[in-house]
Amino acid sequence: MTNGNLLDKAYNPHDVEKRWYKFWEDENLFAAKEESGQRSYSIVIPPPNVTGVLHMGHALNNVLQDILCRYRRLRGDNVLWMPGTDHAGIATQNVVEKKLSKEGTDRHRLGREKFIEEVWTWREKYGSAIIHQLKRLGASCDWNRERFTMDEGLSKAVRKVFVQLYNEGLIYQGSYIINWCHRCHTALADLEVEHEEVEGNLYHIRYPFPSGEGGITVATTRPETMLGDTAVAVNPEDERYAALKEISVVLPLMNRLIPIIRDRYVDLSFGTGALKVTPAHDPNDFEIGKRHNLPAVKVIGDDGKMTEEAGKFKGLDRSECRKALTEELKNAGLLEKVIPHRHNVGHCYRCRTMVEPNLSKQWFVSVKPLAEKAAEAVRNGKTRIIPDMWNKTYFDWIDNIRDWCISRQIWWGHQIPAWTCEACGKLIVSMETPETCPGCGAKQLIQESDVLDTWFSSALWPFSTMGWPEDTALLRTFYPTSVLVTGFDILFFWVARMMMMGIHFMGDVPFEDVYVHALVRDEEGKKMSKSTGNVIDPLSVIEKYGTDAFRFTLAAFAAQGRDVRMSEKRVEGYRHFVNKLWNAARFALMNLPEAGPHPEKQTDIISLPDRWILSRLCKVTDAVAQGLDAYRFNDAAAAVYQFVWHEFCDWYLEAVKPALYGKQGAQKQAASVRVLERVLRDTLILLHPFMPFITEEIWHKLPGTKGSVMKAVFPSDAPDAATVLSDADAESEMGLLISVITGIRNIRGEMNISPSLELDAVVQSGDEAVRKTLSEHRDIVTNLARIASLSVQVPGEKPKAAATAVADAVTIFIPLEGIIDFDREIERLEKEILKTANELTASSKKLSNEDFLSKAPADVVAKVREKQELFIEKRQKLQSNLDRIKGIELK
RNA sequence: GGGCGGAUAGCUCAGCCGGGAGAGCAUCGGCCUUACAAGCCGAGGGUCACAGGUUCGAUCCCUGUUCCGCCUACCA
């Protein structure tokens with residue numbers, strides 16, 4: 001009769017996870033259809049670095065995407081989740097260079113071509129590590145479509161975009177101040193510089209007048225740059241310098257005459273009001289220099305050492321130079337003072353080295369025209385950013401955007417498709433490698449050695465991965481993508497740039513929604529970092545607690561706009577939930593016929609708990625759908641958690657046991673078997689997006705199911721969904737039983753009565769419907785409250801020496817002749833009365849307030865009135881019970 | 001400098017359109033009730049950061065303050 005498919009006593013995730021992941025891949029269940037009659041749903045993965053190993057941020061990011069993808073599949077969508085990695089130019093080059101250095105060589109000795117080969121070899125070996133790790137999370141990406149930003153197709157897209165933007169005048173080359181990292185030996189975009197406050201000094205240096213008498217004192221945090229000064233600037237409104245007759249000063253140590261200029265940029269209130277101008281080493285000075293036609297003298301070289309122009313300081317490292325130079329100034333009596341000064345200094349986001357603003361010839365994208373459209377698309381709702389507080393951040397940045405430096409002086413990346421003719425100097429930008437110079441026909445063409453910023457190729461990700469620039473079926477089916485799921489840390493780096501490129505090249509936004517999730521922090525709210533030593537490795541968590549528990553934890557804590565604080569303890573809690581589900585299934589399987597439930601029969605009598613749980617299932621299904629549709633993962637997770645544990649397990653399974661055991665006849669048993677199976681089956685579907693492994697495992701054990709749970713239909717869309725109906729009567733009747741049972745349990749608990757002691761209970765109610773419900777479901781109450789008998793009465797004579805409780809319109813009596821502890825019962829009732837009285841004062845206060853009565857909406861007033869009456873009645877009953885107990889005790 | 005977010009039970013956090021303060025964990029008491037001790041039953045615990053304001057009514061809306069966290073910025 002019962003099912004032979006019994007489960008182990010505890011859930012063991014390890015082999016289950018491996019088995020089902022392989023099954024899904026073998027069955028091709030993650031595959032998107034290029035064309036289908038279904039609704040399309042697509043997500044492109046934020047490509048992790050090839051050098052990356054999975055951290056908590058990836059885990060959260062990908063689990064949320066997987067939840068969405070699995071959910072949409074259950075809703076019947078044709079889902080594409082496009083996976084891949086990016087080539088992480090600087091980071092990868094650094095890693096491989098480190099490896100070479102260990103081997104006693106370096107990239108220059110290898111040469112460019114050999115070095116690139118080395119990187120590819122490295123990638124073959126280690127580059128897929130993170131992909132395997134994503135699989136451990138259960139990620140249901142369409143792996144057959146995995147992409148890499150350096151793939152041929154994607155590289156072609158990069159070249160096409162570069163050439164087109166160049167031809168449109170949106171890419172230009174020029175000498176500007178850029179951020180230079182001496183360690184990575186490359187230019188960086190403004191975004192790639194991280195500002196950090198450091199303790200520095202403000203050096204006050206006097207620049208004498210040519211006459212030798214007097215001078216102007218300037219203040220600087222980087223004294224070594226003075227060697228490249230080409231002017232001193234003061235504000236034209238500055239009265240201190242208004243009467244100044246001198247037109248130049250002598251640059252100390254260099255003995256060069258430099259002009260005194262007047263520029264509104266200079267801040268009157270800072271330092272001495274005089275600014276040294278170094279156009280080659282400061283972005284503002286560069287601008288001032290342009291305005292005043294000043295020469296730019298580069299004194300710090302790309303290698304971090306002082307150049308020829310630095311005179312006798314040539315060849316010194318910049319920090320050595322600072323030391324030597326300030327020493328000399330001091331000796332010359334020109335260093336007036338040095339005061340400590342906190343200020344922000346830029347650091348390379350890849351290697352933390354201090355970056356140097358440096359004049360350099362680079363390639364730039366003129367982003368303003370692109371950015372305007374990207375801003376507009378969010379303003380007019382074409383793309384929604386969720387939660388919307390990020391809109392402001394997005395606009396702040398994109399509305400104030402500056403040109404994007406896209407060239408990098410490294411080798412690993414997309415080499416810029418530009419060539420210079422050695423003969424005539426002509427610049428050729430072209431998709432294909434040119435054979436001859438179109439200008440002079442010469443064959444000596446030299447390709448630009450710089451490569452493009454990695455983000456330049458990532459910006460094309462939503463369409464380059466789908467085959468662009470070809471017109472592919474994939475693009476037609478899945479572009480624009482449905483949602484981008486990402487952390488806010490790359491909102492500018494990546495999201496904004498994808499918006500710009502998508503709109504420009506596809507004529508449409510790259511995604512309808514952008515869901516910005518939080519950062520994962522440690523349990524104290526600190527950012528996880530290797531140096532702090534507070535990182536939790538997601539894989540070790542999975543190893544210890546199972547993927548499903550881990551995933552559910554992430555979902556449950558992924559509230560919008562809030563960081564996720566991760567600790568193993570929390571995962572442990574949700575492992576208990578996984579196990580709870582497991583055991584509920586185990587129980588079900590013990591009670592379901594092997595062949596599955598019989599089909600519905602007219603003669604089946606569906607019981608109150610059956611109707612109730614179906615109604616609850618209906619509600620929780622809605623809640624999960626609403627939660628996921630609105631990216632409220634925590635709401636969805638909480639709803640299903642509450643349902644499974646506290647409704648299905650705590651109440652339904654307990655209430656339905658007698659029927660399942662056949663104690664109420666074959667008809668009720670058949671109905672309950674059917675409902676039990678149905679509810680468990682739907683629950684598995686609801687939980688599947690969160691906990692794919694255990695749900696698949698149970699699904700396969702459950703009689704009556706076939707194939708993968710991934711092919712199931714989300715309950716509310718299922719063809720037989722009509723049988724799961726919201727049922728207000730069932731909910732209120734069951735609610736009554738629950739409060740009566742809880743009342744009895746409360747008495748037992750508070751009175752410290754052993755559960756083994758068989759009690760009788762009497763309930764009295766003036767409401768006939770209430771009495772009817774209680775009588776009809778007497779067995780449920782006796783079972784769940786563990787009492788021997790339940791007598792349902794109209795209010796009348798009250799049992800003597802009884803403990804009492806009031807539940808809704810019911811007074812509960814537990815006769816405790818001989819064992820009642822009067823003091824304890826009096827204390828209990830007084831506590832209850834106090835609670836009720838407190839509620840009562842709150843509502844009385846409102847009802848005695850004229851303003852409330854006249855101004856509050858009628859339904860609110862009615863509600864308070866109703867509540868008031870209920871509390872009055874409850875208090876009366878409690879009070880009379882208390883009086884009786886006191887009377888009995890006195891005797 | 002500009003901006004954003006947070007402050008709710010011992011801890012971590014929910015709380016949507018203003019109308020009875022919730023969950024999980026932890027704590028305390030009682031249970032080996034044959035799906036689950038990774039469990040079951042029950043209980044205690046909060047001036048919703050502070051000060052004003054709007055409102056009949058504020059955890060929620062407005063203003064200010066304090067304390068955290070983050071983002072951004074070309075004051076040398």
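Tutor: Start with a definition. A nonpolar core is a set of buried Ala, Val, Leu, Ile, Met, Phe, Trp, Tyr and Cys residues joined through side-chain atoms within 4.5 Å. Buried means under 20% relative accessible area; exposed means over 50%, and partly exposed lies in between (1.4 Å probe, protein chains only).

Some ground rules come next. This is a predicted model, so local features need pLDDT of at least 70 and side-chain atom pairs count only at pLDDT 80 or more, while totals for chains, interfaces and linings use all residues. Residues are numbered from 1 along each chain as its sequence is written, chains are lettered from A and ligands numbered from 1 in the order in which they are written, and side-chain values use heavy atoms, with hydrogens and water left out.

Now the core itself. The largest nonpolar core holds 217 residues. Phe456 and Phe648 have the most contacts inside it. Helix α21 (residues 633-660) supplies the largest share, 17 residues. Helices (H or I, at least four residues) and strands (E, at least two) are DSSP runs, numbered from the N terminus.

Look at Phe648 with its partners. A contact means heavy atoms within 4.5 Å. Leaving aside neighbours within four places in sequence, Phe648 is in contact with Ala584, Ile613, Phe643, Leu653, Leu676, Val679 and Leu680. A separate core lies apart from the largest one. This other core has 28 residues, including Tyr203, Leu227, Met306 and Leu335. In soluble globular proteins, nonpolar side chains tend to be buried together.

Helix α12 gives another view of burial. Five residues of α12 (residues 389-399) are buried: Trp390, Tyr394, Phe395, Trp397 and Ile398. Their cover includes α11 (368-379), β15 (384-386), α16 (491-506) and β23 (511-517).

Burial is also found in a loop. Val50 sits in the loop between β1 (40-44) and α2 (56-74). Its relative accessibility is 1%, so Val50 counts as buried. Not counting residues up to four places away in sequence, Val50 touches Thr85, Asp86, His87, Thr92, Trp122, Arg123, Tyr126, Gly127 and Phe148. Val50 and Thr149 are 99 residues apart in sequence, but 10.0 Å apart in space, C-alpha to C-alpha.

Next come charged pairs. In a salt bridge, a side-chain nitrogen of Lys or Arg is within 4 Å of a carboxyl oxygen of Asp or Glu. By this rule there are 58 salt bridges.

Take one of them. Glu697 and Arg19 meet through their side chains at 3.2 Å, N to O. Glu697 lies in helix α23 (residues 692-701) and Arg19 in helix α1 (residues 13-26), so the bridge ties together parts that are 678 residues apart in sequence. Glu697 is buried, at 6% relative accessible area. Arg19 is partly exposed, at 37%.

Lys99 and Glu118 form another, with their closest N and O atoms 3.1 Å apart. Lys99 is in helix α3 (residues 89-102) and Glu118 in helix α5 (residues 112-126), 19 residues apart. Lys99 is partly exposed at 30%, and Glu118 is partly exposed at 25%.

Glu750 and Lys831 pair at 3.0 Å, N to O. Glu750 belongs to helix α24 (residues 728-750) and Lys831 to helix α27 (residues 822-847), 81 residues apart. Glu750 is partly exposed at 29%. Lys831 is partly exposed at 40%. Shared partners also join Arg39, Arg72, Asp77 and Asp629 into one network of salt bridges.

Finish at RNA strand B. A residue is near a strand if one of its heavy atoms lies within 4 Å of it. There are 64 residues around RNA strand B, and Asp267, Phe270, Asn284, Asn344 and Arg562 come nearest. By class, this surface has 23 nonpolar, 14 polar and 27 charged residues. Ala, Val, Leu, Ile, Met, Phe, Trp, Tyr, Cys and Pro count as nonpolar; Asp, Glu, Lys and Arg count as charged; the others, Gly among them, are polar. Helix α19 gives the largest share of this surface, 11 residues.

Ala584, a contact of Phe648, has a polar backbone atom 3.4 Å from a base nitrogen of RNA strand B. Lys392 has a side-chain N or O atom 3.1 Å from a phosphate oxygen of RNA strand B, and the residue range of helix α12 is 389-399.

Conventions: Polar contact = N/O pair within 3.5 Å; in protein donor to acceptor, adjacent residues only side chain to side chain.
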